[in-house]
Amino acid sequence: MCRGLLIFCLANWAISGAEIEIKAQEKSTFPDGFLFGVATSAYQIEGSQNAKGAGETVWDRYRETDPQLFHNSSLGDRSFCDSVNKWRDDVNLLSDLGVSFYRFSIAWSRILPDGLANNVNQEGVKYYNSLIDELIAKGIRPVVTMYHYDLPMVLQNLGGWTNPYMVYYFEDYARILFTHFGDRVKHWITMNAACPGYGDEDFPPFMKDPPVAKYFCVHVTLLAHAKAYHLYDNEFRLKQKGTVGITVDGRWYEPRGFQKVNREAAERTRDFQVGMFLHPIFHPDGNYPARVMERIEKTNKQEGYMRSKLPQFSSEEVAYVQGTYDFLGLNLYTTYLVEDFNRSTEKPSYDKDLGVKISQDEKWSGSASHWLKVYPEGARKMLKWIKDTYDDFPIIISENGFSDRGELADVDRIKYLQGYLSAILEAVYEDSVDVEAYTVWSLFDNFEWVAGFSEKFGLYHVNFTDPSRKRTPKLSADWYKRVIKERRIVEVPV
Ligand code: BGC
């Protein structure tokens, strides 16, 4: 049977049915050395934000002052999955799954409660030391994200990611992490780079004005990432021998229909949404994509700005940011359809600069998240686009997951993961994309940001009304366990 491998089957039409069967099986088998993991992030699972000497984050503040901005069920109890106490149980789950690595993030505010490096919270250091040691004792590699959306509130008070000094504050924080944990952590993801909450989405810090906020955030984020990468290179790499990369949001954008204007709009959207992060780091020429710079330059003039809304890199900065990677982390979830859309009469905004209308195909099946529609082909196209546009470099799928309402017989999640894994393997075998690892989001149900606990992504169910936060494997946990063990995409259980 040729499920999910149509291209392969057609390409080999001249060979016999039995041979096709064998080849197809080979191609649903993961290459040697391919690694499997699962991911979480600190704020979404740890709970007890103010325990163990941690400082306040943007999330704590906005949930306190503006609860109406969050889904109702996110309020009240603050212990979430209680991983700050149950980390040993978490490692047991990971070990039972058989994963090679665990991607988790460190809470900046738990290490530096004041945001700046004057006060290192030893309790926080001890917590992550215990987690890292336990992982290593169980043969699981820690893959650590340094920053995953949980900025210390004190830094937000200084403008958050729009403040150019964040580059130095992030360097100091990175130095502390490399110093305390770099002897055992060999894979660092500087950040989950996306800038939600700056200029558009309803997400803390809800900085919708001024319209330049998004561009400032992208710019400062890129420089901060590069600073941490160079720090590692200059002071730690020789001794610690690890790798450093960045994770970006890999949503795929394709034209709605085939008109040239929509094809151009889709290409432009990829450049704005993904290329703005990738091009400066991964393109041999560095800097922002030309299409983005031209487009913004045009609206700058029309809107009467004296200075570009998108800060410009000096030639030294272009060189400083370019090449700051050992790998790319890619979060893969969904696809959008794009149409060209004239927004010239609107007030200045990122959306106006982009000038498109975005939608999804009514035929794609949905999930519990309004934005997450199932279209695995988009994952393959995204991977191929990256290879064609940038170059060849190791890619790890740093997140891929599906939301539902928390059912234990989560067949839709399994089908989703199966479809996306097939698409990723097609990218590996048919398009020669260097994907080296795959990570399911998420180990267990957790705090899904502004959606609170209404959208569940876990392989394990968490009972949020039980004080012990009991974890129960879903069908998908058993299925993923088999994938890892057999190193192939196994069938969906019936
Ligand atoms: C984020 C996660 C989030 C997931 C689902 C990802 O892009 O990194 O924190 O839970 O999307 O919304």
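Analyst: A polar contact is a pair of N or O atoms within 3.5 Å; within protein, one must be able to donate a hydrogen and the other to accept it, and residues adjacent in sequence count only if both atoms are side-chain atoms. Here, a side-chain N or O atom of glutamine 44 is 2.8 Å from an oxygen atom of the ligand. This is a predicted model, in which local features need pLDDT of at least 70, side-chain atom pairs count only at pLDDT 80 or more, and totals for chains, interfaces and linings use all residues. Residues are numbered from 1 along each chain as its sequence is written, and side-chain values use heavy atoms, with hydrogens and water left out.

User: At what distance from an oxygen atom of the ligand does a polar side-chain atom of asparagine 192 lie?

Analyst: The distance is 2.7 Å for asparagine 192, and a polar side-chain atom of tryptophan 441 lies 3.3 Å from a ligand oxygen atom.

User: Which residues surround the ligand?

Analyst: A residue counts as near if one of its heavy atoms lies within 4 Å. The ligand is surrounded by Gln44, His148, Asn192, Asn331, Tyr333, Trp371, Glu399, Trp441, Glu448, Trp449 and Phe457.

User: What is the mean pLDDT of the protein?

Analyst: pLDDT is the predictor's confidence in each residue, from 0 to 100. The mean is 93, and 94% of the residues reach 70 or more. Over residues 1-15, however, pLDDT stays under 50.

Terms used. Contact means heavy atoms within 4.5 Å.
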